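Dear colleague,

Please read them with the structure open beside you.

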Amino acid sequence: MSQPTAPFDVDTHLASIIASSDDVIVSKTLEGVIMSWNPAAERILGYTAAEAIGQNIRLIIPHDRWPEEDDVLARIGRGERVDHFETVRRAKNGRMLNISLTVSPIRDRSGRIVGASKVARDITERKRSEEERERLLALEKQSRQQAEEASRLKDEFLAVVSHELRSPLNAITGWASLLLMRPLDEQTKHAIETILRNAQTQTQLVADLLDVSRIVTGQLRLNVRSFQLIPVIEASIEVVRPAADAKSIRIETILDPSAGPVAGDPDRMQQIFWNLLSNAVKFTPRGGRIQVRLQRINSHVEVAVSDTGRGVDPKLLPHIFERFRQGDSSTTREHGGLGLGLAIVRHLVELHGGVVNAYSEGAGKGTEFIIDLPIMVSARGPEPGEQQVHPSVGGNLPGKVLALAGLRVLVVDDEQDAREIVSIILGEAGAEIETASSTREALDLMERWKPDVLISDIGMPGESGYDLIRMVRALPADKGGRTPAIALTAYARTQDRLKILSAGFQMHLPKPIEPTELATVVASVAKRL
């Protein structure tokens, strides 16, 4: 027989709930006098029930929060309920606590509001966590902003470095190239070739710095199409041949014509081979040999560049494709350079879906670089008008200087050397030349002289080439507003080219420029080709 159930005492049950709650539960009069104080209040706030009951609730409220408490009591007096109100309370030991507070009116049997019940939860740890998260987010945002600013400043610095180095190189390579077109005795010819070769090396160092910047920031892109490797390899060899001949280095080629086309950017692929061949010439002693092999192996094309040079220390071999890594960085090293070429090679090869490896049996035993590239499964021929081999860094375009007889060309540059070399190059090709050193001077000549082609620098004091092309394009057609324009500038980054073309120029030519290439581009925009 079951035992009779004891009568349910609601007051006792509620008292038990209040006593066992982890939340602070107190009650007070409308004047703020504390009437009850549960064990959680004792534990969290430090005051015993005997110490708290009969005291004003301001006992635990910081002075600056008293108006806030007065407002809560006024709302309670109007019969409102205050839910999840976050505020601060002070414990007996002086420690400040963050709490979430819910306050409800207490009514007597007649419904009259006689006080307030308060349920408070300690959210100090939660608030601390939130504040720490906010602090970390603020630090992360600050760090990101600092990184973005550092990246912006770095890009600006590289752009300035490129401009300041390319501008004098333009005059050096221009004059050297022009002189080599004239009859010269062997000693003079050798001297000028040396000047040109070293200027081209400096140009490549600048290009390498910009390429590494693009690689690090993920901005280096390929202009992908189908092409054959043999013409690209042969063009790369022709670029380094003068340097190889100067050291009596023999370059051998074993090129399989059936190796098949690859998909990629022929300009960048030529840069890969140029870097490997230049590296081989640099580290191969006089009278040595360089071999270039191209063959198909299953579904891949393999290109190997080997030399009989100084070889690579086995300790360096695993790190040879790292940026700024050099076998000898001492002040007595034999060979210069920044240690960027092979890092660029690896990145460009990987962008083409290939791999590159280096092999060497040690000092004095030569080095071999092997590139594996995937063959195109379905090859398409080049698009109409698409060139398969492009001029390499520092290389001359084939063919003679095009006749520009009677073509009026206005050359705008604030540097006299730059104006002079462009004027002589185009003048010898038959063009009529006028020059201007400023935007205002150029605009005056545009209206008075009406040139057929405008060639302008970008970085000029006062008003830039961007200002000039904007003002030219605002002119009526009969005043020169539609004149074909070429930007010949030392600003050579991808973003510079895009900005230049969107500003209204038809072509972007980075300095330094080869004479034949300059004449060809001028003829092209003037529709003389």
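**Strand pairing and packing**

In this predicted model, strand β7 and strand β9 (residues 289-297) run parallel and are joined by 6 bridges, and within that pairing I251 stands opposite I290 of β9. Helix α7 (residues 229-246) lies across β7, β9, β10 (300-307) and β12 (368-374), and its direction makes about 175° with that of β7. Helix α9 (residues 341-351) also packs on the sheet, where it touches β11 and β12 and runs at about 145° to β11.

The sheet itself is open and is formed by 5 strands in the order β7-β9-β10-β12-β11, with mixed pairing. Its edges are β7 (250-255) and β11 (355-359), each of which has a single partner strand, so one side of each is left without a neighbour in the sheet. From one strand to the next, the twist averages 15°.

β13 pairs with strand β14 (residues 432-436) in the parallel sense over 5 bridges, with R408 having E432 as its bridge partner in β14. Together with helix α10 (residues 416-428), β13 and β14 make a right-handed β-α-β unit. β13 also runs parallel to strand β15 (residues 453-456), to which 4 bridges join it, and here V412 stands opposite S456 of β15.

How values were computed. Residues are numbered from 1 along each chain as its sequence is written. This is a predicted model: local features need pLDDT of at least 70, side-chain atom pairs count only at pLDDT 80 or more; totals for chains, interfaces and linings use all residues. Side-chain values use heavy atoms; hydrogens and water are left out. Two strands pair if DSSP finds at least two bridges between them. Helices (H or I, at least four residues) and strands (E, at least two) are DSSP runs, numbered from the N terminus. A crossover is right-handed if, with the strands pointing away from the viewer, the path from the first strand over the helix to the second runs clockwise. Axes are lines fitted to C-alpha atoms, for helices over the stretch in contact, and angles run from 0 to 180 degrees between N-to-C directions. Contact means heavy atoms within 4.5 Å.
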